[in-house]
Amino acid sequence: MKITKYYACNKDYNSSSRMILEKADSSFLLANAQIVDFPIVYCNEAFCKISGYNRAEVMQKSCRCAFMFGELTDKETIARVDRVLEQQQHDQFEILLYKKNSQ
């Protein structure tokens, strides 16, 4: 599975935003940037379908998605994810993540 866009940002999120995003034609996760290691607090159904993980398996894991890294996931991009999150910056990039069945 190739994630073509990975966004890191520090913006407000509310239930009306969730309804709009849920209708969007994309898969996504949301994380709490006010808690250490930025735990995932929501993932939409499209993310579950494309990744092979169910919500219970994803919730409260770090939004770094280390559980989806694989052999070919670029180490420099992983470091970039960590840096962007720790410095609370906005960025966009591509990263190779693996489905639950390691594909």
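**Reading the salt bridges and cysteines**

Author: Welcome! Glu45 and Arg55 pair through their side chains in a salt bridge, with N to O at 3.6 Å. This is a predicted model, where local features need pLDDT of at least 70, side-chain atom pairs count only at pLDDT 80 or more, and totals for chains, interfaces and linings use all residues. Residues are numbered from 1 along each chain as its sequence is written, and side-chain values use heavy atoms, leaving out hydrogens and water.

Reader: How many salt bridges does a search of the whole structure find?

Author: Side chains of opposite charge can pair when their charged atoms come close. A salt bridge here is a side-chain nitrogen of Lys or Arg within 4 Å of a carboxyl oxygen of Asp or Glu. The whole structure has six salt bridges. One of them joins Arg64 to Asp82, with the closest N and O atoms 2.7 Å apart. Arg64 sits in the loop between H3 and helix H4 (75-86) and Asp82 in helix H4, so this pair ties together parts 18 residues apart in sequence. Helices (H or I, at least four residues) are DSSP runs, numbered from the N terminus.

Reader: Is Arg64 buried or partly exposed?

Author: Buried means under 20% relative accessible area, exposed over 50%, and partly exposed in between (1.4 Å probe, protein chains only). Arg64, at 13%, is therefore buried, whereas Asp82, at 28%, is partly exposed.

Reader: And how many disulfides does the structure hold?

Author: A disulfide is a pair of cysteine sulfur atoms within 2.5 Å. The structure has zero disulfides. For Cys63, the nearest cysteine sulfur belongs to Cys65, 6.8 Å away.

Conventions:
Helix = DSSP H or I, 4+ residues; strand = E, 2+ residues; numbered from the N terminus.
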